[in-house]
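Dear colleague,

Please find below the structure that I am handing over to you, followed by an account of what was found in it. I would be grateful if you kept the model open while reading.

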Amino acid sequence: MNKEEVIEIVNNFLVEEFEVEQEVISPKAPMKDTLGLDSLDYVDLVVIIESNFGVKLGEADFVNVESFQDFYDMIENKIKAKA
Amino acid sequence: MSKIKCAIVTGGSRGIGSAICQTLAMESEYHLLINYTANKAAAEATLQKVEESGGSGEIIKFDVSNSEEAKAVLTTWQEANPDAVVEVVVNNAGITKDGLFMWMTYQDWDSVIQTSLNGFFNVTNFFIQKMLRNKYGRIVNMVSVSGVKGTPGQTNYSAAKGALVAATKALAQEVAKRNITVNAVAPGFIKTDMTEAMDESELKKLIPLNRFGEAQEVADLVAFLVSKKSGYITGEVININGGIYS
């Protein structure tokens with residue numbers, strides 16, 4: 001799975017799950033504020049990522065995630081580490 | 001395929017746990033997971049009563065105090081039942097190892113904490129993410145008058161149940177946004193195997209209602225708390241003790 005595919009899958013479920021317009025998701029935008037995430041919303045991200053990519057995320061994985069780009073990179077690294 | 005809604009009752013084979021299973025079988029639509037550790041015959045008897053009441057259920061054997069075993073058994077069950085959604089967790093499993101604190105062994109301290117307190121973690125933590133995702137849940141923790149008042153001779157049990165009271169209040173605030181309620185039920189003297197050796201005729205003098213409670217009376221309260229009718233109650237500890245402590 002290449003980077004573009006990861007981004008497309010992630011963006012599609014973010015739009016669906018958090019009911020935001022595709023346009024507001026840009027790589028440098030702050031993910032938490034843009035999506036209006038509260039602490040419990042992370043459970044949705046964890047479950048969706050696991051079901052789509054087969055990788056398990058924990059709290060520590062989100063420590064350095066600020067922008068959407070950080071999020072894509074983190075998932076990509078997780079997928080690579082699993083392969 | 002439609003989702004199968006389930007309720008798990010730990011320590012569901014005997015006493016209050018068994019009464020809870022039977023009551024939920026009659027008063028709810030939940031498929032019951034009757035957890036037990038050692039007494040298979042009692043678990044089977046409870047399942048039979050559940051089915052005779054028109055409910056459905058199954059037995060699920062694991063020791064709640066063993067985190068690895070609990071996780072493994074629950075994972076296997078969930079994988080075998082992908083359409084099952086556990087909406088209700090009743091943390092009822094508990095043991096007592098009574099004795100004066102000055103004589104208490106570490107083992108008696110630890111085993112009581114492991115079952116009552118860590119058992120809550122091992123089962124509830126397994127289901128909580130799924131409940132959060134499902135945006136609905138009912139968690140009921142069986143505590144005890146010992147956990148709110150403290151009972152001499154039960155420093156271990158009182159500590160475990162008192163900690164569970166605090167965990168109830170904390171978790172209730174964490175998950176309320178997702179329509180999950182967490183409450184505790186604190187029974188006093190209830191007629192079960194656990195109180196069989198007690199002298200009711202003497203002890204009832206201490207109880208304003210002048211009798212031991214029935215497991216059914218506790219089960220009725222739990223059935224209310226796991227129902228949709230109780231949706232605005234969370235983080236509460238509800239005493240059911242005949243007035244012995246409030």
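This is a predicted model: local features need pLDDT of at least 70, side-chain atom pairs count only at pLDDT 80 or more; totals for chains, interfaces and linings use all residues.

Although B:Asn179 is not a glycine, its phi is positive, at about 65°. B:Asn179 counts as partly exposed, because it has 15 C-beta neighbours inside 10 Å.

A second residue of this kind is B:Lys135. Its phi is near 55°, again a positive value in a residue other than glycine. B:Lys135 belongs to the loop between H4 and strand E5 (137-142) of chain B. With 12 other C-beta atoms within 10 Å, B:Lys135 is exposed.

Strand E6 of chain B also holds B:Val182. Is this residue buried or exposed? B:Val182 has 28 C-beta neighbours inside 10 Å and therefore counts as buried, the cut-off being 20 or more. Beyond its neighbours within four places in sequence, B:Val182 is in contact with B:Ile139, B:Thr168, B:Leu171, B:Ala172, B:Val175, B:Thr234 and B:Gly235. As for B:Leu221, the C-alpha atoms of B:Val182 and B:Leu221 are 14 Å apart in space, and the two residues are 39 residues apart in sequence.

In general, nonpolar side chains in soluble globular proteins tend to be buried together. The largest nonpolar core here has 61 residues, and those with the most contacts inside it are B:Ala7, B:Leu32, B:Val90, B:Val185 and B:Val222. Helix H4 (residues 106-134) of chain B gives the most to this core, contributing 8 residues. Another core, of 12 residues, lies apart from it and includes A:Val10, A:Met31, A:Phe71 and A:Ile75.

Which residues does B:Val185 touch, leaving aside its neighbours within four places in sequence? The contacts of B:Val185 are B:Val140, B:Met142, B:Val143, B:Val218, B:Leu221, B:Val222, B:Leu225, B:Ile238 and B:Ile240.

Chain B as a whole may be described as follows. Its secondary structure comes to 8 helices and 7 strands. Taken along the principal axes, the C-alpha atoms of chain B fill a box of roughly 55 × 40 × 35 Å. The radius of gyration of chain B is 17 Å, which agrees with the value near 18 Å that a compact globule of 246 residues would have. Of the 246 residues of chain B, 45% count as buried. Among the contacts in chain B with a separation of 6 or more, 72% are between residues 24 or more positions apart.

For chain B, the record lists "domain: Ketoreductase" at residues 5-193. That span is 50% helix and 21% strand, and its end C-alpha atoms lie 30 Å apart. For chain A, the record places "domain: Carrier" at residues 4-79. The span in chain A is 59% helix and 0% strand, with its end C-alpha atoms 14 Å apart.

Finally, how many residues of chain A are in contact with chain B? There are 4 residues of chain A in contact with 5 residues of chain B. On the side of chain A that touches chain B, 3 residues are nonpolar, none is polar and 1 is charged.

With kind regards

Terms used. Residues are numbered from 1 along each chain as its sequence is written. Chains are lettered from A and ligands numbered from 1 in the order in which they are written. Two residues are in contact if their C-beta atoms, placed from the backbone, lie within 7 Å. Ala, Val, Leu, Ile, Met, Phe, Trp, Tyr, Cys and Pro count as nonpolar, Asp, Glu, Lys and Arg as charged, and the others, Gly among them, as polar. UniProt positions are given in the numbering used here, feature names are shortened, and annotations may be inferred rather than shown by experiment. Helices (H or I, at least four residues) and strands (E, at least two) are DSSP runs, numbered from the N terminus. The radius of gyration is taken over C-alpha atoms; the globule rule is 2.2 Å times the number of residues to the power 0.38. A nonpolar core is a set of buried Ala, Val, Leu, Ile, Met, Phe, Trp, Tyr and Cys residues joined through C-beta atoms within 7 Å.
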